[in-house]
Amino acid sequence: MPCKRCILWLWWFIPFCWISHPVAGQTAPYEFSLIGKEQGLPADEEHAFLFQDSRGFLWISSLSALYRFDGALVKSYLPDSARKNWLHPGFIQHKLLEDKQGRIWITNGNAIFYYHPQKEHFYRISAGNSSQGYTLLHIDPDGRLWGLKG
């Protein structure tokens with residue numbers, strides 16, 4: 001009788017192994033890609049935050065610039081205090097946010113900016129004494145921007 005139990009067990013076990021084998025061998029549905037000099041991202045920079053907007057662009061912040069990756073190439077947004085509608089110099093080392101209108105909100109610690117995607121311009125928002133510094137934290141469901149000073 002012990003041999004009959006062994007055969008019965010094998011009769012269930014072998015088909016189970018045959019059926020479950022393809023499931024165990026499946027790959028994860030994730031794709032891993034590197035972005036580097038070939039796509040236009042400077043290799044000698046420290047990059048702090050990654051953010052993907054609703055249009056699929058990947059935004060990369062750094063110590064000296066902001067970059068936007070479209071899946072093939074990187075576009076650089078270098079700060080320039082002489083331009084009215086542009087980023088001002090400062091470390092862009094904080095979280096990026098997107099509001100319901102598709103604007104990307106950025107802070108460099110000294111000021112708050114938003115990027116208008118249709119106009120492809122940055123706009124500075126005055127929020128009191130900029131000597132205290134800013135950190136963006138959250139956009140609530142009503143569209144209010146929340147952050148910290150100091």
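## Strands β5 and β6

Two bridges tie β5 to β6, and the two strands run antiparallel. Pairing here calls for at least two bridges found by DSSP between the strands. The elements themselves are DSSP runs numbered from the N terminus, with helices being H or I over at least four residues and strands being E over at least two. In this pairing, L97 has W105 of β6 as its bridge partner. The hairpin that β5 and β6 make has five residues between the strands, and G102 takes a positive phi near 85 degrees there.

A quick word on what you're looking at: this is a predicted model, where local features need pLDDT of at least 70, side-chain atom pairs count only at pLDDT 80 or more, and totals for chains, interfaces and linings use all residues. Residues are numbered from 1 along each chain as its sequence is written, and side-chain values use heavy atoms, with hydrogens and water left out.

## The four-stranded sheet

β5 and β6 belong to an open sheet of four strands, ordered β5-β6-β7-β8 with antiparallel pairing. β5 (97–98) and β8 (121–125) sit at the edges with a single partner strand each, so one side of each has no neighbour in the sheet.

Next along, β6 (residues 104–107) pairs with β7 (residues 112–116) through four bridges, again in the antiparallel sense.

## Which way the β6 side chains point

In a regular strand the side chains alternate between the two faces of the sheet. For β6, that puts I104 and I106 on one side and W105 and T107 on the other, and all are buried. Buried means under 20% relative accessible area, exposed means over 50%, and partly exposed is in between, using a 1.4 Å probe and protein chains only.

Over in strand β7, F113 has a relative accessible area of 0%, so it counts as buried.

## K75 meets E120

K75 belongs to strand β4 (residues 74–77), and E120 to the loop between β7 and β8. Their side chains make a polar contact at 2.8 Å. For that label, a pair of N or O atoms must be within 3.5 Å; within protein, one has to be able to donate a hydrogen and the other to accept it, and residues adjacent in sequence count only if both atoms are side-chain atoms. K75 is partly exposed because its relative accessibility is 33%, and E120 is partly exposed at 33% too. E120 isn't a glycine, yet it has a positive phi of about 50 degrees.

Leaving aside neighbours within four places in sequence, K75 is in contact (heavy atoms within 4.5 Å) with L66, Y67, R68 and E120. The C-alpha atoms of K75 and L41 are 8.2 Å apart, for a separation of 34 residues along the chain.

## E98 and its surroundings

Back in β5, E98 has a side chain joined to that of S54 by a polar contact of 2.7 Å. Beyond its neighbours within four places in sequence, E98 is in contact with F51, D53, S54, R55, R103, I104 and I139.

## The largest pocket

The largest pocket has a volume of about 180 Å³. Its lining is made up of S33, I35, Q52, G56, L58, F69, D70 and G71. Sorted by class, that's three nonpolar, four polar and one charged residues. Here Ala, Val, Leu, Ile, Met, Phe, Trp, Tyr, Cys and Pro count as nonpolar, Asp, Glu, Lys and Arg as charged, and the others, Gly among them, as polar.

On the method side, a pocket is an open set of points on a 1 Å grid over the protein atoms alone, where a 1.4 Å probe fits and protein lies on both sides within 12 Å along at least five of seven lines; lining residues have an atom within 4 Å of a point. Points are joined across faces, edges and corners, and the volume is the space filled by probe spheres set on them.

## The whole chain

Zooming out, the protein has one helix and ten strands, in the order α-β-β-β-β-β-β-β-β-β-β from the N terminus on. Of its 150 residues, 31% count as buried. Among contacts between residues at least 6 apart in sequence, 36% join residues at least 24 apart.
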